[in-house]
Amino acid sequence: RVYLAQITWEPVPVLLSSGTGFSSYNGGGMNGTSTMMDFLEEPLPGVGTYEDFNTIDWVREKSRDRDRHREITNRSKESTWALLHSVSDAFSGWLLMLLVGLLAGSLAGLIDISAHWMTDLKEGVCLAGFWFNHEHCCWKSNTTFTDRDKCPEWKSWSQLILGHGEGAFAYILNYFMYVIWALMFSLLAVLLVKGFAPYACGSGIPEIKTILSGFIIRGYLGKWTLVIKTITLVLAVSSGLSLGKEGPLVHVACCCGNILCHLFTKYRKNEAKRREVLSAAAAAGVSVAFGAPIGGVLFSLEEVSYYFPLKTLWRSFFAALVAAFTLRSINPFGNSRLVLFYVEFHMPWHLLELVPFILLGIFGGLWGAFFIRSNIAWCRRRKTTRLGKYPVLEVLVVTAITAILAFPNEYTRMSTSELISELFNDCGILDSSKLCEYVNDFNSTKGDDLPDRAAGPGVYTAMWQLALALIMKVFITIFTFGMKVPSGLFIPSMLAFYHHDWAIFSGWCSPGADCITPGLYAMVGAAACLGGVTRMTVSLVVIMFELTGGLEYIVPLMAAAMTSKWVADAIGREGIYDAHIRLNGYPFLEAKEEFSHKTRAMDVMRPRKSDPALTVITQDTMTVEDVEAIVSSTTYSGYPVVVSRASQRLVGFVLRRDLIISIENARKKQDGIVSTSVICFTDYCPPLPPSSPSVLKLRSILDLSPFTVTDETPMEIVVDIFRKLGLRQCLVTHNGKLLGIITKKDVLKHIAQMANQDPESILFN
């Protein structure tokens, strides 16, 4: 039994272009006195392209690129100009990566600088220049290091309005201004998204994963989406909502890649090649989000990319490096210097510490599973109730609650990047944070060594404030992620406080020495929580290493990341991005999931036994009017072409969009093409009476080698074919006779049905 075959049934000889399965022969002929018309000697604009919410044909796109490359290579031997064109074509990919990295890094720097300024604007303003944030405003101040945040150039709103910053009324005024600014920022963000670019909301990574798998969503990576996403991302982060800019930065970078693809014909006219660029752009987005070029490439490979050849790996790394250095050049003094939160730990970790690292992984996995289930339940409720009809009101309510709860606690009031930076770092001699407030002073300190000191009241105050911050962040993030504003997952973090005199530490802890590194536990806890939500493993570990510079702590990070994934997978197999893909009904075929059900192709194909017969087009007996009637009465993306309705022997497959464009163009530009003209998909059409109108030859738009399987082919093999080849449809035959068709949507519906899920949740075809 042959399960997979590429069969072309043709009663007359055919000519195939080498390696593609598409005919490039456009010869003419005569039927009596009738003229044989084949107007597709030159490609028509739009032929071979795809409609919105359709899946691309990966095999067709890659075949076209091979033909294009072969033609350029052959012509390069003819002249110097052709050779230069060949060299420029080969170099265009690297040039495009350079442009993507430069644009993504520039926009990330603009977002970073603007977000820091607008976040501080909620608390006050700089008299030396309103465009300075709090930190930059105090750079030239003569205040001491411990009072570096209290420079006279920076005025809180109570100091600016009332003339003083002390007292209950000043506190209430600052509180009021903080909430008002937050509401203004979030209102402007949601109105811009709703009015100009609805695709700019959310994280963007679920949609990018779907697009990279071959799905078409027009406008999702367009220029308006890029402009509005960039502006509203700054507003959303500045409003203080419990979200981050990491995921949206991947969307911004992919928009840059998609727009720049239009500068190069090689990528503009080939959807598969464009997705190679988008994979590299996703790596650049992660690079500017975390300062992690290598981790960005691994993230693109592990988490979002569907097709990732070796050359894309190197180009992705190049784009990520360019983006990271561009960001550093634009914002050298921000939190994005090569690494986002650089920490330097001097103490080695002990083998026994793997136990708390694994416990952190268990906590991260439980948190991840809880967050995903709660967030998906809330998003589903939002879509099915009246709440979804009022996105502006929802954003304002969540912003108001977040701001009211955040202001009294300094660890929720500060930006996420500041909080993580403070938690990741160990206490130093010059640290003025509550987390570093100890009973003893530094009079006995020599060099950089810290004396053995007991925790002061500031440490315990910080501990309960952080506990409240954890509870607030856990619950408010569930309602924030998925709103109609740009929203990414921030990095959850933890604080560790060590007790060196405990009996468990006596085995390796010397008197007066720092036995453990508290900042390390914060870093591992952050990785565990993020891994439990996203199910990332290797890429997450590398991102955390590049994020902090802690190379020697890869083993603890890997232990926590793997544990969090295993625990979360035991509760639910989907990460947050896959869960949102299924929630939105995107046609994404997960390559990691195994299909083990014993069903056959005939169980999935359409039409079923009770359905009408399969809609087909005959190769040389149907008129223009007949084909137009089929196209207007159906919504299929393509039609099988057979020898005749009686034989049902397969000739090829033609796309609906190509048919419409070709017929419309023939009616406008070719004489003699009327409704009664016969459409011929072969080289030699049957003779017609002399009075017959001209024949319209459309062989050049016909796929002569559509993928076919027999009706007895196990669905396990069919699913594997769709995954590895990126098919959009597959024809089912029995002894060479066409029986039905299986589309990607049919496969997804069948998988959902086998998993006891609603098959109608797959919304797009």
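How many disulfides does a search of the whole structure find? The search finds 3 disulfides. The structure is a predicted model, and its protein chain holds 26 helices and 13 strands.

**The chain as a whole**

- The protein chain has 765 residues, of which 54% are buried.
- Among contacts in the protein chain with a separation of 6 or more, 74% are between residues 24 or more positions apart.
- The protein chain has an accessible surface of about 34300 Å². Carbon and sulfur atoms contribute 62% of that surface.

**The disulfide of C126 and C137**

- C126 and C137 are joined by a disulfide, with 2.1 Å between their sulfur atoms.
- This disulfide is right-handed, because the torsion about the S-S bond of C126 and C137 is about 80°.
- The link connects distant parts of the chain: C126 belongs to strand β4 (residues 124–126) and C137 to helix α3 (residues 134–137), and the two cysteines are 11 residues apart.
- C126 and C137 are both buried.

**The disulfide of C138 and C151**

- C138 is joined to C151 by a disulfide with an S to S distance of 1.9 Å.
- The torsion about the S-S bond of C138 and C151 is about -60°, so this disulfide is left-handed.
- Both C138 and C151 lie in the loop between α3 and β5 (154–156), so the pair ties together parts that are 13 residues apart in sequence.
- C138 counts as buried because its relative accessibility is 10%, under the 20% limit for a buried residue.
- C151 also counts as buried, at 2% relative accessibility.

**The disulfide of C680 and C685**

- The sulfur atoms of C680 and C685 lie 1.8 Å apart and form a disulfide.
- The link of C680 and C685 is left-handed, with -125° about the S-S bond.
- C680 has a relative accessible area of 0% and is therefore buried.
- C685 is buried as well, with a relative accessible area of 12%.

**Further cysteines**

- C255 counts as buried, at 1% relative accessibility.
- C529 counts as buried, at 4% relative accessibility.

**Spans annotated in UniProt**

- An unreviewed UniProt entry lists residues 91–111, 168–190, 224–243, 249–265, 277–301, 351–370, 390–407 and 462–483 under "transmembrane region".
- In the model, residues 91–111 are 100% helix and 0% strand, and the end C-alpha atoms of this span are 31 Å apart.
- Residues 249–265 are 82% helix and 0% strand, with 26 Å between the end C-alpha atoms.

**Helix α11**

- Helix α11 covers residues 293–304 and has 12 residues.
- From its first C-alpha to its last, α11 reaches 16 Å, close to the 16 Å expected at 1.5 Å a residue.
- The buried residues in α11 are P293, G295, G296, V297, F299, S300, E303 and V304.
- These buried residues of α11 pack against several helices, including α6 (205–212), α10 (271–290) and α12 (310–330).
- Their packing partners also include α18 (518–534), α19 (538–548) and α21 (576–584).

**Residue T402**

- T402 is part of helix α14 (residues 391–406).
- With a relative accessibility of 3%, T402 counts as buried.
- Leaving out residues up to four places away in sequence, T402 touches G240, L241, S242, M472 and I476.

**Nonpolar cores**

- The largest nonpolar core has 117 residues, and L96, F371, V485 and M544 have the most contacts inside it.
- Helix α18 supplies the largest share of this core, with 11 residues.
- F371 is in contact with T477, I478, F481, L489, V533 and I576, when its neighbours within four places in sequence are left aside.
- Another core, of 21 residues, lies apart from the largest one, and V627, V631, I663 and L696 are among its residues.

Conventions:
Residues numbered from 1 in each chain as written. Predicted model: local features only at pLDDT ≥ 70, side-chain atom pairs only at ≥ 80, totals over all residues. Heavy atoms only, no water. Helix = DSSP H or I, 4+ residues; strand = E, 2+ residues; numbered from the N terminus. Expected span 1.5 Å × (residues − 1). Buried < 20%, exposed > 50% of the residue type's maximum accessible area, 1.4 Å probe, protein only. Contact = heavy atoms within 4.5 Å. Areas by Shrake-Rupley, 256 points an atom, 1.4 Å probe, with all protein chains shown as cover. UniProt positions renumbered as here; feature names shortened; annotations may be inferred. Disulfide = S-S within 2.5 Å. Core = buried A, V, L, I, M, F, W, Y, C linked by side-chain atoms within 4.5 Å.
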